Amino acid sequence: MSLRSKFIPVPRMLALALAIGGLTACMAGPDYVRPELQTHADYVAQSTLENRATTLPAPALDSWWAGFDDPVLTRIIQRALAENLDLAASMARVDQARAAAREAGAELAPQGSLDASVLKQRQSLKSPLGELGSAHPGYTRSQTLENIGVGASWELDLAGGLHRGAEAARAEADAAEANRDGVRVSVAAEAADAYFQVRGAQERIRLAQQQIDTEAQLLELVKVRLAGGLATSRELAQAQALVLQAQATLPPLRITLAQQLNRLDVLMGATPGTYASELRDSPQTFSVPAIGTHGGPDMLLRRRPDVIAAERRLAASNARIGVAVAEYYPKVSIGGLLGFESLQSGSLFSSAAFQPQAVLGLHWRLFDFGRIDAEVAQAKGVNAEALAQYRQSMLRATEDVEDAITALAELEVQHRDLTQEVAAHEQARGAAQDAYKGGAVSLIEVLDEDRQLLAARDELARVHADDARAAVATFRALGGGWPGAVDTPTPAAEGTVAAR
């Protein structure tokens with residue numbers, strides 16, 4: 001038998017491999033079908049949201065900040081979305097996930113390589129080859145070995161393990177993109193929240209300073225009356241204490257203002273203190289717009305990035321089951337090499353130096369099914385965990401919306417009540433001061449009205465800012481702040497390959 005007859009010709013080897021590959025008609029593991037989640041048609045607090053009295057219409061969810069009709073807020077959020085470093089990091093993670101998906105997809109294609117080398121050596125006469133070669137005439141110790149070859153290999157994805165791996169990588173890339181969108185939603189909402197806290201602190205500082213000026217005028221009045229014998233030193237001390245009490249409210253408000261300004265700068269990717277002057281010199285006007293919830297809780301499946309990411313991770317874990325199940329089946333690969341090798345310089349590309357190779361490989365974990373069983377069980381466990389997390393993400397998303405709507409509605413009721421309370425205290429305070437000047441009431445009544453008026457004004461300014469913050473939280477809970485998602489394809493199940 002000749003040496004040539006011991007090898008299968010390359011064309012026949014390729015045909016055999018393709019025939020083996022054609023025997024499998026489906027991939028290992030279950031085909032993914034997105035699970036149905038039971039939701040209500042509307043939110044429980046839907047009616048309270050619809051009954052809000054607003055002057056501004058509901059904005060589009062992807063740019064909800066424009067609905068507040070505040071150019072400064074719009075500029076801040078646009079800057080944050082362009083410069084925020086957490087968002088930049090999330091974009092980099094998306095690039096990584098996309099690259100991993102491309103790498104997994106490339107595993108399905110044939111792999112090729114080009115290798116070449118030139119080896120120069122002086123053979124030792126004491127080595128086994130040297131001792132054998134030196135006994136022959138014409139032996140030279142100095143040798144040059146040249147070789148070059150083009151090789152290719154291809155693993156036939158008989159059980160679909162590589163396809164399932166690529167499917168999982170694509171789903172993980174989708175999850176990374178959803179996480180990036182979630183960071184975008186958070187950055188916009190955090191910037192708006194910090195902005196309204198800044199506005200609230202500024203307004204409360206302004207009111208406190210106004211109250212200090214009013215109390216200082218009252219203090220001067222008491223001094224005049226004391227000089228005329230119409231007041232007592234006790235009344236003077238009480239008036240001084242009220243001025244100091246109003247002044248004592250300023251430091252905590254200034255701390256809050258500085259902290260929120262620094263927070264805004266970091267959200268905009270800037271060193272703290274960069275943009276503080278812009279907010280200090282700009283007007284403080286904003287209104288809370290209407291908020292639409294068209295689509296009800298079902299909309300959260302398409303708008304909430306965290307829900308979308310959880311669903312994509314579920315799809316990836318489902319595909320990983322197929323990767324594990326595919327290990328029960330043999331792996332077949334084919335390879336070939338067209339190369340030249342020569343010990344004589346100048347004769348590398350000759351017919352005598354031509355050295356082709358062809359390989360048909362088979363790898364089967366035939367006696368390792370116990371480990372494969374464990375790998376499949378682990379993959380199924382990860383899938384069950386991902387399913388629970390997907391369902392939980394939807395529950396939490398709905399909870400966020402319900403809580404935000406309730407907070408917004410109740411804060412607006414509180415805002416209306418406080419507005420009326422402040423008006424009543426202003427009227428009572430003016431009447432008390434007039435009565436004090438006429439000697440009809442004591443100073444203590446005027447001071448008491450001042451304390452109540454300061455507290456009511458401060459609370460009103462705080463609630464006004466919190467009202468806007470609650471609207472921001474509602475937009476955030478609804479998944480506002482990015483263009484939105486298209487429904488993920490959910491191929492119908494075409495059956496599964498048995499585990500063993």
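Two rings of Phe, Tyr or Trp, taking the six-membered ring for Trp, are called a pair here if their centres lie within 6.5 Å. With that in place, this is a predicted model, and a search of the whole structure finds eight aromatic pairs.

I'll start with Trp 64 and Phe 475. Their rings are stacked, with 5.3 Å centre to centre and 5 degrees between the planes. Trp 64 lies in the loop between helix H2 (46-50) and helix H3 (71-83), while Phe 475 belongs to helix H13 (residues 443-477), so the pair ties together parts that are 411 residues apart in sequence. How accessible are the two partners, Trp 64 and Phe 475? Trp 64 has 0% relative accessibility and counts as buried. Phe 475 is buried too, at a relative accessible area of 1%.

Next, Tyr 328 and Phe 369. The ring centres are 5.4 Å apart and the planes meet at 75 degrees; edge-to-face means over 60 degrees, so this pair is edge-to-face. Tyr 328 sits in the loop between helix H11 (305-325) and strand S3 (331-342), and Phe 369 is in helix H12 (residues 369-437). The two are 41 residues apart, and the pair links distant parts of the chain. Both Tyr 328 and Phe 369 are buried.

Trp 64 and Phe 475 belong to one aromatic cluster, together with Trp 65, Phe 68, Tyr 195, Phe 196 and Phe 286.

Last item: a charge and a ring. Which ring does the charged end of Arg 79 sit over? That of Tyr 275, at 4.0 Å from the ring centre.

How values were computed: Residues numbered from 1 in each chain as written. Predicted model: local features only at pLDDT ≥ 70, side-chain atom pairs only at ≥ 80, totals over all residues. Heavy atoms only, no water. Phe/Tyr/Trp six-rings, centres within 6.5 Å; stacked < 30°, edge-to-face > 60°. Helix = DSSP H or I, 4+ residues; strand = E, 2+ residues; numbered from the N terminus. Buried < 20%, exposed > 50% of the residue type's maximum accessible area, 1.4 Å probe, protein only. Lys NZ or Arg CZ within 6 Å of the ring centre and 35° of its normal.
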